[in-house]
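Subject: Structure handover

Hello,

Please find the structure below. My notes on it follow.

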Amino acid sequence: MARVTVNIDLNRVEGDLELQVDLEDDVIADARCIGTLYRGFEQILIGRAPRDPLVITPRVCGICGTAHLYATVRALEQLGGIRPPTHAAHIRNLCLMAENLQSDLRQSFLFFTPDFCHPRYAKHPLADAITASFTPFKGRVARECLQVTRRVLEIVAIFGGQWPHSSFMIPGGVTLPANGTRLIEAQDLVSRTRDWMETCVLGDDLDHWLTIERAEDFFQWLESSPTVANAALGLFCRFARSVGLHQLGCGTGHLISYGVNPLPDGSYGGFRPGFYDADKSQVESLDQSRINEHVRHSWFQHYPGGRHPWQGETIPDYMPGNDRYTWSKAPRYDDKVVQTGPLAELRIGGDPLIADLLALEGDNTWLRQFARLRRAAWSIRAMRETLTALKDVLDEPHFADPNIRDWPDGESYGMIEAARGALGHWMRIENGVIDGYQIVTPTAWNASPRDSNGQPGHWERSLIGVRVEDPEDPVEVGHIVRSHDPCLVCTVHFIGRGRRRYPCA
Amino acid sequence: MANLVWMQTGACSGDSMTLLCAERPSLESLLEHAGARLLWHPSLTAETRFGSVLDAVTSGREPLDILCIEGSLMTGPSGSGLYDTWRSRPKIEIVRELAGIAGSVVAMGTCAAFGGVHAAPPNPTDCTGMQFMQATPGGLLGPGWRSRGGQPVINVAGCPAHPNTMTKVLAMLLEGTPIPLDELNRPAPFFSSLVHQGCTRNEYHEYDAEDDVLGGRGCMFFSLGCRGPLTPAPCNVDLWNGRSSKTRAGVPCFGCVSPAFPPNRDLFETPKIGTIPKMLPLGVSRAKYMAYKNLAKAAAPERIINREMEP
């Protein structure tokens, strides 16, 4: 059997992504994700003042900087034993939801659906509708998405001054309180976003849509009226399923989520955190001490098994000519390969429709993307609820000065659900300055390489077995990989150093 | 029509995401009305193969009118540029090649202009800006480099660059309007007001009502690291996302348009000589400033001392 290795670079993801796949008779027999950029953030942070990451880590990622800011502030608050006021927690949650909503909509309609306009689909019965809706800068949905996401982000600017790259979350709260004016402005932005979601994306009332709980009811709803069928979601679902995206790109069944809308008492206002063990088909509570990172197939100085981020080392050690192939580490949960993102968030959090669809068809390219749009609807509703809750605590402080001049030495972590899923920062302070800072991003989970036990990462696994029609233009690979909403700029461990050949097994 | 190629090097995509937030004009408007043709943007164009775009412009099949670079230029390790590659090729090599044939070259953001956050100590990637390494002329292309149109790299500094500044600079290039540059090759019309101008905490600054804890209503210049009075940028005259700015929201200005951003010190503390900031508002003499501040403090009304005014 002829085995050929094909290099694929993909755009319309955040950052640079290169993949190497081995094809046997046009079927992917093996796949390797290669990050091509090293930026050195963790080194830049060492020796700096403990609050400096509030300015530095948002700059890890231009699309999810608010999530990085949130992870940093949670790590600092854990270290300092600080409990932020409820007023501040609601503002933080509102702004993070706005950022995630922006990302979900842009990823769906600017990064994912343009692939449906590929010449391969020119004769598809829905081609005209697809072109009219999803062509970059020209399609109706694509254009409206630009305007709507711009508007959603104004919410972050109202409370945080600007998006992206603000530093308005500080240990002890936020820098600016909500007041009547800001609440009304934010409420208006949420309402207008909801209108758009209903008219352009759903073709239905948002609350009604969220009451659909069974796969069967969902498929019926999809065909229930021309308005629904021809709205962006209907069009996306009908097209994606007609080209088989619901049978494509199955990866690991294990899921991880760090939880939505954390509140000062340790509870969550939104979907709860957890680990979904696919072997037992059950959600377990999350335990960060079970997270570790492997370097067996990475170009880092070797250690056996996996290490928790606090014990982690990042000592580059380029070793050509063996079975190491990447500068990315492999995060694992209890040594299991897991995937993260909206699908994980909603399944763990208990969205019945997502649970039913997952049980019915397994994880797949369509479902990951569908879950992203489903989350967008949940976010819009939760933003309205958060604004109502915020109104009730307007008289409470937005900031309680923790009165810390000198930060104590110690270790802490901050975990949050970013647009792409589970984001964790692990920090160590010694002699009043940062002594260690490890960031494990959602894409690090999804795009990880093989680990000490030889288990391929989630993306790698989701590509294996896929038939590629045209290796020169692998449209299928684009669909699968983009459905994970990759963010390579975020994956700070990546140290690219060119390409090397992987010995064929 | 003018062909535009947007390339990312060592970047976070923040300038691209900010570009999508531009409103006056918007990116869509530039494409529709101002004659821009986006040949390549890593996140936004339907074209999936950078290689074919590269072929088209390097072979001369398509002219390259405007080249935008977003991100630091990684020269490490050991000058190889291999910390940032496209198909095994160092990005810095591709940037040099494209810059050589481009009508105009724009550095979008502080990273491409001066090195930016990745150049902060210890600069693990040996990165630099297009024509500056922080404040020192040189960078990747060298101080004497000029584009096909005869200009140095235009530094649209900012972390991220201001959305409407990015699109206005592009609009001016598309129209052929000359763009005067300041001493750091930033487009002068957009760097001729200070962040301090239009800051809604100005009255607190006037009367020396300075906060030493975050989360308040007062001025953040004396104690909290704010660089608004010495940073030229449009943040408070052309509001972010059409709504606000960091200083209005109580976040200090970190001087992100400056070549030394981020400064190598505690970012939330103002270095001082005695009780007065070491770095004063642009062009102000220390003795006169101290005299003015003493008088101002004495003149402060109760409503300011008590922080009654909403910024």
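Two strands are taken to pair if DSSP finds at least two bridges between them. Helices (H or I, at least four residues) and strands (E, at least two) are DSSP runs, numbered from the N terminus. This is a predicted model, in which local features need pLDDT of at least 70 and side-chain atom pairs count only at pLDDT 80 or more, while totals for chains, interfaces and linings use all residues. Residues are numbered from 1 along each chain as its sequence is written, and chains are lettered from A and ligands numbered from 1 in the order in which they are written.

The sheet

In chain A, three strands form an open sheet in the order 13-14-15, with antiparallel pairing. Strand 13 (410-418) and strand 15 (433-440) of chain A each have a single partner strand, so one side of each is left without a neighbour in the sheet. Nine bridges join strand 13 of chain A to strand 14 (residues 421-430) of chain A in the antiparallel sense. Met415(A) is found opposite Gly424(A) of strand 14 of chain A.

Ile464(A)

The loop between helix 16 (458-463) and helix 17 (475-482) of chain A holds Ile464(A). Ile464(A) counts as partly exposed because it has 17 C-beta neighbours inside 10 Å (buried means 20 or more other C-beta atoms within 10 Å, exposed 12 or fewer, partly exposed in between, with C-beta atoms placed from the backbone). Between Ile464(A) and Gly251(A), 213 residues apart in sequence, the C-alpha to C-alpha distance is 8.9 Å.

Regards
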